[in-house]
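User: I'm new to this one and would like a close look at a single part of it. Could you walk me through the charged and bonded spots around the strands, and how they connect?

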Amino acid sequence: MSAVREGLPDGRYGRSADERADRKLKIVGSVLGAGLLALVGWFGYDYIAGQRISAEVIKFDVSAADRVQVHLEVRKDAAAKGSCTLRALAEDGSEVGHKDVRFDRAEERIDQVVTVRVTTKATSAELLGCTAD
């Protein structure tokens, strides 16, 4: 397209202001897009790498006045070792029992029933969290 722009020869007086602005916008957009993509990738990697051990309380059973049976399902890397913390709660919400459970077996999924001893009758049990060593 060798059309004459506003009566001037094409290419004789350099780029128009619109062409320069378009080029700058493309460069800025590319840099910001690449930065955003890198940031999302970093957050994703950090989230996945930080999730080496996770667990879930499948069910609990207040089997006696002095203990609670907790069925815990743990998912982890096969090589990961760590522990999960459970607690038993009374009807008023106060903590009546507490137990740290170690997981050192080289398995990715562990189902285990854990007994938490309590000082008074418990009405529920909950998982506080898990940490990797």
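Analyst: Let's start with Glu-73, which sits in strand 2, the stretch covering residues 67–76. Keep in mind that this is a predicted model. Glu-73 counts as buried because its relative accessibility is 13%, and buried means under 20%. Setting aside residues up to four places away in sequence, Glu-73 touches Ser-54, Ala-55, Glu-56 and Ile-58, and also Arg-109, Ile-110 and Asp-111.

Arg-75 is partly exposed, with 31% relative accessibility, whereas Glu-73 is buried at 13%.

Now follow the chain onward. The loop between strand 2 and strand 3 holds Ala-79. With a relative accessibility of 69%, Ala-79 counts as exposed. Its C-alpha atom is 9.6 Å from that of Arg-52, a residue 27 places away along the chain.

Three strands make up an open sheet in the order 4-3-6, and the pairing is antiparallel. Strand 4 (95–103) and strand 6 (124–132) are the edge strands, each pairing on one side only. From one strand to the next, the twist averages 20°. Strand 3, residues 82–89, runs antiparallel to strand 4, and eight bridges join the two.

Thr-85 is buried, with a relative accessible area of 17%. Leaving out neighbours within four places in sequence, Thr-85 is in contact with His-98, Lys-99 and Asp-100, as well as with Glu-126, Leu-127, Leu-128 and Gly-129.

Back to Cys-84, then. A search of the whole structure turns up one disulfide. That disulfide is formed by Cys-84 and Cys-130, with their sulfur atoms 2.1 Å apart. The pair ties together distant parts of the chain: Cys-84 belongs to strand 3 and Cys-130 to strand 6, 46 residues apart. A disulfide is a covalent bond between the sulfur atoms of two cysteines. The link of Cys-84 and Cys-130 is right-handed, with 105° about the S-S bond. As for accessibility, Cys-84 is buried at 0%, while Cys-130 counts as partly exposed at 24%.

That leaves the salt bridges, and the count comes to 11. The side chains of Arg-102 and Asp-104 meet in a salt bridge at 2.7 Å, N to O. Arg-102 is partly exposed, with a relative accessible area of 42%, and Asp-104 is partly exposed too, at 40%. Arg-102 forms another salt bridge with Asp-133, where the closest N and O atoms are 2.6 Å apart. Here again distant parts of the chain are linked: Asp-133 is in the segment after strand 6 and Arg-102 is in strand 4, 31 residues apart. Asp-133 is exposed, since its relative accessible area is 59% and exposed means over 50%.

And that brings us back to the starting point. Through salt bridges that share partners, Glu-56, Glu-73, Arg-75, Arg-109 and Asp-111 are joined into one network. Glu-56, Arg-109 and Asp-111 are also among the residues that Glu-73 touches.

Conventions. Residues numbered from 1 in each chain as written. Predicted model: local features only at pLDDT ≥ 70, side-chain atom pairs only at ≥ 80, totals over all residues. Heavy atoms only, no water. Helix = DSSP H or I, 4+ residues; strand = E, 2+ residues; numbered from the N terminus. Buried < 20%, exposed > 50% of the residue type's maximum accessible area, 1.4 Å probe, protein only. Contact = heavy atoms within 4.5 Å. Pairing = 2+ DSSP bridges. Axes fitted to C-alpha atoms, helices over the stretch in contact; angles between N-to-C directions. Disulfide = S-S within 2.5 Å. Salt bridge = Lys/Arg side-chain N within 4 Å of Asp/Glu carboxyl O.
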